[in-house]
Structure formats: C-alpha cells, structure tokens
Amino acid sequence: MREVMAEFERPVLLFSGGKDSIVMLRLAEKAFAPARIPFPVMHVDTGHNFPEVLEYRDARVSELGLNLVVASVQEAIDSGLVRELPDGTRNRIQTPVLLAAVEKYRFDALFGGARRDEEKARAKERMFSFRDEFGQWDPKNQRPELWSLYNGRHHPGESIRVFPLSNWTELDVWHYIAKEQIALPSIYYAHDREVVERDGMFYAVNEFIVPRDGETVETRQVRYRTVGDASQTAAVLSDADTVEKVIDEVAATRITERGATRGDDKVSEAAMEDRKREGYF
C-alpha cells in the first residue's frame, strides 16, 4: 500500500463492506498510522445490497473519516449507460459502472480484495495487475514480479489494479479478523433466515429473490461466506456464530466461498475470466 502511494497519483480502495475489503481497510489504517488513510474508498453499488452490509459500510467510513465514492448501478441504468439484464441480476453490469467511475475521478490505482484461492481466474493475476486504457485485462500480458518488485509504470488512461491479499486464503482472512478483533456485518455469522433452495444453494428471500413455483420457503440457520449482489449470493448452512467457530468451519471446508455461494460464477467455466477481461475487478 505504501508502494502504491509512492508511485501513483490517485489511488482508491474498493470497499463494499465485505470481509476482504474490511481487512484491506484495516491494513491501510495500520500502514499509514498515525495519519489518516490518504485515499478515498469506492463502492460499486449494485443496488441489490444486504442492509447489514450497507449499515456497516457507512458506520466504518464515518468512524475513519473517509471520503466514500459510490458508483451506482441504478443511476447508470437510469441514465442509459447500462441496461438491466432480463433476469434482474446486476453483477455483470457492474463493470461499465466501475470503468466510468475510474474515468470520471481519474483513478490510476485501485486496491481490490481479490484472492487467488477464490477462483481459478484470480490465480492468473499478479499483485499489480495492469489494465489498458479501456480498463481491460489481458492474462497473457502480465508483468513479472520477481523478488516482490512491482512495476507500476502506466500511460495516462491506463491503470493498475492492486491486490494486497492475493496470497492470502479465506482461512488467513479469518485468522487476521480474530487476531485484530475486527467487527464484521452480522450476516457473516450463523443466524436464522428465510431461504429457498435453488440449484443446490440457499438464497435469502428478499425483494430480489422471490420464490418460484414449486419452491418452499424455509427458516434455516445460515451464514454468508461472502457478500455481494443479494440476487446472486447464497448462504451456507452453519451453526458458526463466533469467529472461532467460523475458523474451524473454514478449515474443514473443501469448496471456496465463491464456488459455494456465488451464482454468477456458475454461468460458465470461464465466467470470472470473461468478466475480468471486460474490466471487472
């Protein structure tokens, strides 16, 4: 993070209120202490949010006195920048909204919370991931990072995505949360919620997920391993209501959190890589 501040003019940290971005914010807080975090945070807001996550986001931003930039998918739909998909999901149309915000605010380095263990396309990416003037990623055009030396050179209009947590695992994240005693949105811990089972996953019943014919609404004890678009993110059955129990549960699991809970990654084998080529983070 200090390397980015030394090399770039207008960095920003992508902050959604999810556990990885929460950990990144804590790392930034420590990296620049006792000074304030010297860059803004940005949320690419699909409009399909879990209320607990938005409440946490706003409280944390206020606590640290940060400048929050909200890139709104709903505003982009209203202005005609993007068109809402027939199925109502919005993860896919986040990309043009993100790229428009990067151009508007002239951000040249974007901190993201992606980790290589999340999804196989993530494993192709470097710590400093070069993006061209269209915000696009070419997995064949990655710069070497020998001896942890990072190349941030870029022309005007180009940018670098920076992934400080690349080599962390989900278990590492939870160990760090426990060590630092970091508060999280309550949905990361086991709680009772009305859900429907769909494609082998448990989706919360809300304004974005309406039960279909033949689906049964059940109250189950669940928690979320990752949070994103509420119309695409599922919960897992769990009784882990403390950090220690979550760590034990994650240590025993054989499926990544995206593989277990993100419906948008099941579109195709290359769904994530296709989106990243378009400019997704």
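Predicted model: local features only at pLDDT ≥ 70, side-chain atom pairs only at ≥ 80, totals over all residues.

User: Now to helix H7: which of its residues are buried?

Analyst: A residue counts as buried when its relative accessible area is under 20%. In H7, which covers residues 243–252, the buried ones are Val 243, Val 246, Ile 247 and Val 250. Looking down the axis of H7, these buried residues fall within an arc of 100°, so they line one face of the helix.

User: What do the buried residues of H7 pack against, and which exposed residues sit on the face turned away?

Analyst: The buried residues pack against helix H6 (170–180) and strand E9 (218–223). The face turned away from the buried side carries the exposed residues Glu 244, Asp 248 and Ala 252.

User: How should I read the largest pocket, and how many residues line it?

Analyst: Start with its volume, about 380 Å³. Its lining has 19 residues, and Val 102, Glu 103, Phe 107, Gly 157 and Glu 158 lie nearest the centre. By type, the lining divides into six nonpolar, four polar and nine charged residues.

User: Which element gives the largest share of that lining?

Analyst: That is H5, with four residues. Helix H5 (94–105) and strand E6 (159–162) each supply at least two lining residues.

Definitions and conventions. Residues numbered from 1 in each chain as written. Heavy atoms only, no water. 1 Å grid on protein atoms, 1.4 Å probe; cavity = no way out; pocket = protein on both sides within 12 Å on 5 of 7 lines; lining within 4 Å. Points joined across faces, edges and corners; volume = space filled by probe spheres on them. Nonpolar A, V, L, I, M, F, W, Y, C, P; charged D, E, K, R; others polar. Buried < 20%, exposed > 50% of the residue type's maximum accessible area, 1.4 Å probe, protein only. Arc of directions from axis to C-beta. Contact = heavy atoms within 4.5 Å.
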